[in-house]
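Please look over the sequence and the model first.

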Amino acid sequence: MITIRHSRANEGERAIDIWRRAVDATHDFLSREDRQAIDAMVCDFLPKVPLWFAVDANDEPLAFMFIDGGHMEALFVDPAHCGSGVGAALVRHGLSLHPAMTTDVNEQNAQALGFYEKMGFQRTGRSPLDGQGRPYPIIHLEYTGP
């Protein structure tokens, strides 16, 4: 059974662990230097923001989502739980709060792009660089329904 709940102040390290494991499994396109720089930024930022966790019956976080103003800034699933429905549960929860939710995804992350499109998101644009000006194109998405 999956439950969606707010993160707690002491769960920053678990969120970082999920992020690292997920990025290592899905972002092989990042250069080593960029991966390290992004890691440092995430370690500083992630424990400070309110997250939604998908947790198991033992209240163990399996995935997290960060939404800011109706824009899903982050959705990361522990690779051990990919395909189990936890990511979809988080997205559905986010959509219950923000029916016109938007998000961005790295163009090179075909698995994530397919997931979002399957969930009912449509492409609305493309940026040639990521938010930090790195050469990782971003696809902009908006939820339009199933």
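A residue counts as buried under 20% relative accessible area, as exposed over 50% and as partly exposed in between, with a 1.4 Å probe and protein chains only. The model is predicted, so local features need pLDDT of at least 70 and side-chain atom pairs count only at pLDDT 80 or more, while totals for chains, interfaces and linings use all residues. Residues are numbered from 1 along each chain as its sequence is written, and side-chain values use heavy atoms, with hydrogens and water left out.

**Aromatic pairs**

- The structure holds eight aromatic pairs (rings of Phe, Tyr and Trp, the last by its six-membered ring, with centres within 6.5 Å; planes under 30 degrees apart are stacked, over 60 edge-to-face, the rest tilted).
- Trp19 and Phe76 are edge-to-face, because their planes stand at 65°, with ring centres 6.4 Å apart.
- Trp19 lies in helix H1 (residues 12–26) and Phe76 in strand S4 (residues 71–77), 57 residues apart; helices (H or I, at least four residues) and strands (E, at least two) are DSSP runs numbered from the N terminus.
- Tyr116 and Phe121 also pair edge-to-face, at 5.6 Å between centres and 75° between planes.
- Trp19, Phe53, Phe64 and Phe76 make up one aromatic cluster.

**Burial**

- Trp19 is buried at 5% relative accessibility, and Phe76 is buried at 16%.
- Phe121 is buried with a relative accessible area of 1%.

**Helix contact**

- Residues in contact (heavy atoms within 4.5 Å) include Trp19 and Val23 in H1 and Ile38 and Val42 in H2.
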